[in-house]
Amino acid sequence: MQGHDLGRDPGPAPAPGPGADDVEECVSELRDALAAHGITLPSVGIELPAFAARPRLPLVALGNCNVDTARRLAAVLRTAWRGEAQP
């Protein structure tokens with residue numbers, strides 16, 4: 001038989017995980033931290049299809065950026081990494 005059994009019980013609800021508010025706060029914090037270094041990634045956002053996963057595992061989409069932005073981001077990360085390594 002072809003088609004879907006629409007009367008079938010879908011089973012238990014997905015396990016709770018980080019909510020949309022948590023992920024939105026994380027994205028906001030990331031944008032603020034990047035902006036503090038003069039870096040803007042307009043494509044930073046929430047990867048919405050990840051909310052459908054079981055267990056729920058929301059992802060932050062960093063998306064694409066141009067070469068200049070990628071180099072600036074790499075420079076900031078290198079500087080921060082060296083700064084943490086110092087006593």
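Buried means under 20% relative accessible area, exposed means over 50%, and partly exposed is in between (1.4 Å probe, protein chains only). You're looking at a predicted model, where local features need pLDDT of at least 70, side-chain atom pairs count only at pLDDT 80 or more, and totals for chains, interfaces and linings use all residues. Residues are numbered from 1 along each chain as its sequence is written, and side-chain values use heavy atoms, leaving out hydrogens and water.

**Exercise 1.** Work out whether threonine 40 is buried or exposed.

*Solution.* Start with its place: threonine 40 sits in the loop between α1 and β1 (45-47). Helices (H or I, at least four residues) and strands (E, at least two) are DSSP runs, numbered from the N terminus. Next, take the relative accessible area of threonine 40, which is 58%. Threonine 40 is therefore exposed.

**Exercise 2.** Find how far threonine 40 is from threonine 69, in sequence and in space.

**Exercise 3.** Describe the chain as a whole.

*Solution.* Count the elements: two helices and two strands. Read from the N terminus, their order is α-β-β-α. Finally, 13% of the chain's 87 residues count as buried.
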